[in-house]
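Have the viewer open and follow along.

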Amino acid sequence: MTSGAGDSAANALIGRERAVDRVMELVTAESSHPGSLLIVGECGAGKSRLLGLAAEQARRRGIRVLAAQGDEIESRQPFASLHQLLFPVLDTVDETWPGHLRETLHSVFGLAPVRPLDPMELRVAVHKLLSGLARRTPVLLIIDDLQHFDRDSLDILFFATRRLADEAMSVLFAARGEQLPPGLPTDLSVLSLGPLSEHAAATLLDAQPWSPSGRARMDLLRQAEGNPLAVIELCRAMRAGRQTTPDGVVSPSSRIRHLFAAGLDGLPKDTQRALLYAAVASEREDLAVIMAALGSADLAVWSPAEAVGLVTVVGGRVVFRHSLVRAAVVHQASAQQRHQSHRDLALRLHTEPSRRAWHLAGASIGPDESVAAALEESAGLAQQQGGLFATVRALEEAARLSPCDKDRARRLSKAITAANDFGDPSWVRELYADFLAVNEDPELLGPAACGAAWALSQFSFQREAFELLFDVMTNKPPRSARTIYALLAVATGVVHKSGLPEHRHALRQMRDQVAQAIQVAEAVQVEHTEADAGPERTALYPVLAKEEAVDVHLALTRTVAEPGGQRHLQLRAYLKERPIPGLNGVADTARMNAVGSLAYLADESDVCVDVLRQVIAGLRARGFLAPAILFTLLAGALLDTGRWAEAEELIDEGAALAAVRKMTHVELDLQALKVTVRALRGHSEPEIVLTGPLWHGVSLDENRATDALRLRARGLHATATGDHESAFRHLRELFDGDGEPLHFFLSARSIAELATAGQRTGRQEDLVPVLAAVRRQQGARPSTRMTLLMHHAAALIEGGEQAEHHFRLAVANPAADQWPLERTQARLNYAMWLRRQRRAKEARAQLTIVAESAVRLGADLLAGQALSELRASGVVVAPSSADALNDLTAQQRQIVRLAASGLTNREIGEQLFLSPRTIGSHLYQVYPKLGISRRHQLRDVLQET
């Protein structure tokens, strides 16, 4: 363990960071402010790990730790738990104690002959013992498995701890389950450890020595239901090759079965059979259907299982306490018993074709075309209802049960497309490998290649993804027009991510080949519409069913393939002819997706925000997950348009989705955007570095869009710390030595930020070729945004007599309001230029606007710079009141003093046993109270005291 509590927690309790902070606050509380806390949660939620962390940190601080753990067997013995807790400190009971209290304690703990017990004397004696310990040194009591403490011990313990309000003693309780044990003090604070978020569970899974991918990964996360111990143990079970049922139920280890399904073996045979039928049934299955399959109407069969807490029968449903109980029930039964239960349930579900299909699959012992066809039909129903995971699972199982390779390949091709929509690249790669092993139909290769290339791109293998698409398009072009368009659309996305010039050149070749390929496709369309193509094949890409959707995808391809700066003109021309539709189906959703992407590239940020907001909201409303790449585009547009709070929420949501689905490049992009928004707000935490195993495992050379986002984030972070040399170095890497952009689109957007860093470091001359290259790339009719950015950069880089002309053009255009940060930055630099020209009055006018705009944005760095410049221009700015320190808590004042001394958040956290995140949160709350916006101003505030 490292010295910082935050670091220890991050390694030991992934997803429990807030709980760790809460426990550490109690452990590190001042001696005059002790407290107590009850931690409750399901078995395996992390309660004991939290208690262990608290004990370790307490001992490091010189706090005496007394611990006891309840035991179900010993709970029937009076004072057993009290004996475990206090026996190690009985030697502190000496001759100075009143004789009757000393004899009472010794008698209870077996150190003296048994004597008649006065309950009040024992309570007073325990209180005296604990208070005496706390007067000598701070004490932490740790009580685990409170639900198994004997009642006599609990009564005495609660009596004593309630009366220790003024002593240096804190108490940590932990109890299993969500129901609080009886007799607890009414004022006891409760910390409930619920299931981990999907993101945290995925992070914990990836921290294991071996973690599954693809479908197995999703099966594990769904089965674990956010329980940390379940994630770890199921991962071990999968690694050991434990049995998995067709519907993805992993056989749990003996430890998991003991913890979650204790008492299962002792149930009556009829109850065990009933549990099996409920376990293999759908979670939504009616109790009546299960009872009919059992051939019984006697509900008493469930009573033994309810008595031991395995299930609850309520509302016409059988609800398992945890999915791991269900898994234990399934895997305890024999194969014959499982097959029989599926057959019996299938017989009762003639009116439910989807559920019946799955039970028929569960009862199958080999390939069966009738069952495969039924599963394929159920996949179609699931897709209509937005159940993408169920769609892929049904198609994959249908392929497994297909007797014919041709049908197996066709179903796998459809599964690949559905897995693309679901957003799981690992699963797509697994399906594509299975597809290649059986496919002999060249017409199925195109759709499958789209899926495989998309998966490779999500994993950051852009070169391999593009080569796959280019090979299919060049050497094996499909006959389906929609598949051809799909290949081109996927290739466009790959090229944007890679940013490689050779890929853009090849994309132009592919685009030119499309017209010829479409002519061939149309020539054979009549010949193959029904007989060869088939309805299932033409349904693979319904997103391109409308001409408008095809047109906007082609416009998007032209935008990425052509180097000119007239993207905004293409978008405006397209929208003039075809207004943005509503979300009236898959094709319109795909069209809006493409329109939003085109708007992002065309510097029409407000259009991008409006369109992609609708797309994501519409997909959510229909039960679909939005493509993760949309989170990156929308978050970037939200940052550009000043909607930073919304951007941060979206980044966190997208990062969780990317982590669960293992979308490497999306996860990296969102990490970079997270650093960007925090840097823009003025946060300069040293732990933000954008490095680590995930970054080291990616070739940034073939992921130039990700690299561009990373370099900008690091440049802005360096600016936030006042390190202008580093800021210049990072931002300069967005262009090569001759000034050519690293990424054909993203690099140019940072030209003004690079110019600012160059001006701060006196490197303007070095940037002349960069500005010239950007001007060449943007062409004669650049977008309004790029026009403003280039004027801003020219004022800083070229200077001279034209500097004011460029500054005015950068700030005067009303259209600049669409990008408030960039306009505010331009005003600040203009004001600084005016002040150097001894035009203080004009500078003050600009600076006042800058300060107001920065406050609205939440840009602390800009606000601080504006205030500093106002002071320098002769404006008397009210100093921060040192009296504001009195409004802070004692802990906040301590943090302020340590931060003012130059310590980092991590170093402060190590001293106070708090996480760096908690330190940063405190400082974020403190700055407004002190009337400052930057960390370095803390020193000035303290000097006023």
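Does Cys43 count as buried or exposed? Cys43 counts as buried, because its relative accessibility is 5%, under the 20% cut-off.

## Cysteines

Keep in mind that this is a predicted model. Cys608 is another cysteine to click on: its relative accessibility is 0%, so Cys608 counts as buried too. As for disulfides, the count comes to 0.

## The chain as a whole

Zoom out for a moment. The protein chain has 945 residues, and 57% of them count as buried. Its secondary structure comes to 48 helices and 7 strands.

Now for contacts and surface. Take the contacts in the chain with a separation of 6 or more: 69% of them are between residues 24 or more positions apart. The chain exposes about 39,400 Å², with carbon and sulfur atoms supplying 51% of that.

## Helix H24

Next stop is helix H24, residues 481-498.

H24 is mostly covered, with 13 of its 18 residues buried. Step just past the helix and you reach Gly499, which takes a positive phi of about 70°.

## Aromatic rings and their neighbours

On to the rings. There are 8 aromatic pairs by the distance rule used here. Take Phe807 and Tyr830: their ring centres are 5.3 Å apart and their planes sit at 25°, so this pair is stacked, the cut-off for stacking being under 30 degrees. The pair links distant parts of the chain, with Phe807 in helix H41 (residues 803-812) and Tyr830 in helix H42 (residues 820-836), 23 residues apart. Both residues are buried.

Arg222 lies over the face of Phe389, at 3.7 Å from the ring centre. Arg123 lies over the face of Phe159, at 6.0 Å from the ring centre.

## Gly642, in a loop

Where does Gly642 sit? Look in the loop between helix H32 (628-640) and helix H33 (644-661). With a relative accessibility of 24%, Gly642 counts as partly exposed, because that class runs between 20% and 50%.

Leaving aside neighbours within four places in sequence, Gly642 is in contact with Pro820 and Leu857. Gln818 is 176 residues from Gly642 in sequence, yet the two C-alpha atoms are 8.4 Å apart in space.

## Ala67, in a strand

Last, a residue in a strand: Ala67 lies in E2, which covers residues 64-69. How does its accessibility class come out? Ala67 is partly exposed, as its relative accessible area is 42%.

Which residues does Ala67 contact, leaving aside its neighbours within four places in sequence? They are Gln84, Leu85 and Ile142. Leu172 is 105 residues from Ala67 in sequence, and the pair is 9.4 Å apart in space, C-alpha to C-alpha.

Methods
Residues numbered from 1 in each chain as written. Predicted model: local features only at pLDDT ≥ 70, side-chain atom pairs only at ≥ 80, totals over all residues. Heavy atoms only, no water. Helix = DSSP H or I, 4+ residues; strand = E, 2+ residues; numbered from the N terminus. Expected span 1.5 Å × (residues − 1). Buried < 20%, exposed > 50% of the residue type's maximum accessible area, 1.4 Å probe, protein only. Contact = heavy atoms within 4.5 Å. Areas by Shrake-Rupley, 256 points an atom, 1.4 Å probe, with all protein chains shown as cover. Phe/Tyr/Trp six-rings, centres within 6.5 Å; stacked < 30°, edge-to-face > 60°. Lys NZ or Arg CZ within 6 Å of the ring centre and 35° of its normal. Disulfide = S-S within 2.5 Å.
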